[in-house]
Amino acid sequence: MSLYGESRDISLFRHINRELMHDIISQQVIYYKYNLEENTVNIYGETTSGRIFQEPVILYTIIERNDNTAVLEDGLPTLNQKVVFKFLRDDLVDASVLVEEGDIVQWQNAYWEIDNVISNQYVVGKDPLYPNTDSTGTNPLESGLENFGTSLSIICNAHYVPADRVGIDKQRL
Amino acid sequence: MANISIYDGTSLFYPGATPFGFYDNDYQFQTDADKVVTFSARRLGYPIENIELQDLNFYAAFEEAVTTYGNEIYAYKIRQDYLSLEGTPTNYTSLNTDVIQPNLSSIIRMSHQYGTEAGVGGTVTWHTGSLVVTQDQQNYDLNLWAQDSASISTTDRIEVKRVFFEAPPAITRYFDPYAGTGTGTAEMMDTFGWGDKSPAISFMMMPMNYDLQKLQAIEFNDQIRKSQFTFELVNNNIRIFPIPKVSGGKLRFEYIKESDRNSINAPGTSGGVSNVSNVPYKNPTYSEINSIGRQWIFEYTLALVKEVLGYVRGKYGTIPIPGAEVTLNHADLIAAATLEKGALLERLRGYLEETSREKLLERRALEADYKQKELSLVPQPIFIG
């Protein structure tokens with residue numbers, strides 16, 4: 001029988017996370033969701049009229065930055081930097097943002113493209129989206145698992161993308 | 001997803017918002033409740049930081065603080081006056097506002113036991129009994145007598161307190177010519193042939209010390225020259241001396257039933273105060289608590305709120321945040337709350353102790369001493385007549 005991690009506890013975690021991320025850390029990014037429907041591609045899978053994104057959304061996040069490095073590409077130095085954006089999943093739910101690879105995150109005046117999305121930080125090891133109920137809505141071993149645990153975070157590994165490759169003009173904000 | 005609201009900087013007290021509702025209808029309590037919420041929240045860092053509590057948590061702490069304050073006050077009063085309160089009726093509505101008149105009831109009740117044993121009072125009845133003395137029988141079993149004649153249960157016993165088996169008082173033989181005291185004059189008068197010249201009874205007034213010596217002489221004489229009236233009493237078996245020469249006389253005695261002595265119910269206290277739990281003190285009336293008391297209550301409320309907040313923040317040792325964990329200040333909160341609660345209670349108890357009857361009388365006596373000392377420094381005018 002589950003005792004810990006009930007929705008009341010999760011609510012406490014949410015309050016504390018939001019206080020920490022919104023009021024204390026207060027790191028914000030602008031999230032550009034790639035709009036698959038609006039993008040048209042040619043037979044090679046290349047966009048023909050630039051990449052099209054949905055309306056940007058400002059999100060709170062915790063940013064883990066790695067040092068930038070410069071590598072030569074085509075004889076020109078190119079900035080390379082890996083960044084990890086850590087989102088509170090409930091913030092994303094409230095903003096109706098589904099984080100996926102290929103989306104763009106703007107932080108300060110730079111852009112990062114998401115390479116990998118990690119969603120496995122389960123509080124008390126449970127995700128309430130999987131209560132393992134049968135067709136009648138009951139779990140033969142234990143009922144009410146939909147009220148326990150949570151998937152707390154969405155962690156995105158991203159790499160630096162030059163602004164000209166993203167094609168997002170500031171005035172489009 | 002469930003979203004449990006936390007304190008948002010506003011609160012509005014309503015009757016029923018506290019767990020027990022002891023003071024909910026007290027206007028002053030209602031007024032102060034929301035002020036206490038604001039006070040406590042701000043002392044804990046709001047609005048800079050969130051307070052993961054609801055107004056109900058604050059109200060519960062406030063109610064507990066008032067109750068604790070009342071408990072301390074009235075527990076102290078009970079300790080102070082318990083000797084006067086024990087045994088008094090419990091059907092008083094409340095003693096909260098009464099000034100207790102000290103009395104000696106408990107002291108006297110405690111002294112009854114000595115009176116019982118000494119036969120000069122007490123609460124155990126002394127019964128009288130008697131048995132018929134049989135010729136030539138020297139030993140009598142009073143246990144057997146008690147079973148037959150005293151209507152006691154088989155598990156009970158009697159304890160003989162007094163046996164009326166003594167020689168006649170010496171005074172009855174004051175004029176006995178055979179007592180050997182030389183005071184009897186009738187025989188002497190007869191010897192001289194003057195018996196018919198003397199009145200039937202003649203007395204001679206003697207000094208009191210003479211009478212006492214004479215009575216003592218009679219008793220000594222009986223003790224030394226005769227088989228004196230006496231007895232031995234062991235385990236309620238009595239042996240009387242001298243051996244009875246005739247049957248029919250009665251041996252009288254007084255006794256108590258041990259069950260009466262063992263009775264633990266003090267007479268006249270049935271339904272009265274029997275321990276500190278039924279002394280009729282009630283919770284205090286909040287509106288009658290002065291500002292000193294209220295400030296103590298506010299501070300104690302803060303300590304309680306701090307404690308609750310510590311428990312809330314500390315249910316999980318660490319709180320998960322995206323990609324990491326944080327440890328909140330629950331340990332500090334609980335430690336501080338424990339310390340503050342203890343200090344507040346100690347301060348209040350010290351304050352109460354300073355106002356105990358003993359301390360107040362001490363202070364009065366000290367003041368009187370100092371006054372005398374000061375007055376002694378005033379120059380005394382020299383009276384010249």
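In the predicted model, A:Y32 stands opposite A:I104 of strand β6 in chain A. The two strands concerned, β1 (residues 27-32) and β6 (residues 104-107) of chain A, run antiparallel and are joined by 3 bridges. They belong to a barrel of 6 strands in chain A, closed in the order β1-β2-β5-β10-β7-β6 with antiparallel pairing. From one strand to the next, the twist averages 45°. Helix α1 of chain A (residues 7-25) packs on this sheet and touches β1, β2 (57-65) and β5 (82-88) of chain A. The direction of helix α1 makes about 90° with that of β2(A).

Two loop residues of chain A have a positive phi without being glycine. Most residues other than glycine have a negative phi. A:Q108, with phi near 55°, is placed in the loop between β6 and β7 (110-118) of chain A. A:Q108 counts as exposed, at 60% relative accessibility. A:N132 likewise has a positive phi, of about 55°, and lies in the loop between β8 (122-123) and β9 (150-151) of chain A. The relative accessible area of A:N132 is 56%, and this residue is exposed.

Chain B contains an open sheet of 3 strands in the order β2-β5-β4, with antiparallel pairing. Strands β2 (139-141) and β4 (230-234) of chain B form the edges, each pairing on one side only. Neighbouring strands of the sheet are turned against each other by 20° on average, direction ignored. Strand β4(B) is joined to β5 (residues 237-241) of chain B by 5 bridges, and the two run antiparallel. Within this pair, B:T230 stands opposite B:F241 in β5(B). Helix α4 of chain B (residues 142-149) packs on the sheet and touches β2, β4 and β5 of chain B. The direction of helix α4 makes about 45° with that of β2(B).

Most peptide bonds are trans. The bond joining B:F241 and B:P242 is cis, with omega about -5°, and B:P242 is found in the loop between β5 and β6 (250-257) of chain B. The bond from B:Y46 to B:P47 is also cis, with omega near 10°. B:P47 has its place in the loop between α1 and α2 of chain B.

The largest nonpolar core has 36 residues. B:F58, B:F62, B:V66, B:Y286, B:W296 and B:I297 have the most contacts inside this core. Helices α1 (27-43), α2, α8 and α9 (330-354) of chain B each give two or more residues to it. With neighbours within four places in sequence left aside, B:I297 is in contact with B:F62, B:A65, B:V66, B:Y69, B:Y286 and B:I289. Another core lies apart from this one and has 19 residues, among them A:V29, A:V99, A:A158 and A:Y160.

Over all chains, 28 aromatic pairs are counted. In one of them, the rings of B:Y23 and B:F29 have their centres 5.5 Å apart and their planes at 45°, so the pair is tilted. B:Y23 and B:F29 are both buried. The pair of B:Y69 and B:W296 is tilted as well, because the ring planes are at 45°; the ring centres are 5.6 Å apart. B:Y69 lies in helix α2 (residues 55-85) and B:W296 in helix α8 (residues 291-314) of chain B, so this pair ties together parts that are 227 residues apart in sequence. B:Y69 is buried at a relative accessible area of 11%, and B:W296 is buried at 2%. One aromatic cluster is formed by B:F13, B:F20, B:F22, B:Y23, B:F29, B:Y59, B:F62, B:Y286 and B:F298.

Helix α8 of chain B also contains B:R313, which is buried with a relative accessible area of 6%. Not counting residues up to four places away in sequence, B:R313 touches B:N50, B:I51, B:E52, B:I319, B:L328, B:N329, B:H330 and B:L333.

Between the two chains, 26 residues of chain A are in contact with 20 residues of chain B. The area buried between chain A and chain B is about 2,000 Å², and carbon and sulfur atoms give 65% of it. On the side of chain A, the residues that lose the most area to chain B are A:H15, A:I16 and A:E19, together 25% of what that side buries.

Note on methods: Residues are numbered from 1 along each chain as its sequence is written. Chains are lettered from A and ligands numbered from 1 in the order in which they are written. This is a predicted model: local features need pLDDT of at least 70, side-chain atom pairs count only at pLDDT 80 or more; totals for chains, interfaces and linings use all residues. Side-chain values use heavy atoms; hydrogens and water are left out. Rings of Phe, Tyr and Trp (its six-membered ring) pair if their centres lie within 6.5 Å; planes under 30 degrees apart count as stacked, over 60 as edge-to-face and the rest as tilted. Buried means under 20% relative accessible area, exposed over 50%, partly exposed in between (1.4 Å probe, protein chains only). Helices (H or I, at least four residues) and strands (E, at least two) are DSSP runs, numbered from the N terminus. Two strands pair if DSSP finds at least two bridges between them. Axes are lines fitted to C-alpha atoms, for helices over the stretch in contact, and angles run from 0 to 180 degrees between N-to-C directions. Contact means heavy atoms within 4.5 Å. A nonpolar core is a set of buried Ala, Val, Leu, Ile, Met, Phe, Trp, Tyr and Cys residues joined through side-chain atoms within 4.5 Å. Buried area is the accessible area (1.4 Å probe) that two parts lose on being put together, summed over both.
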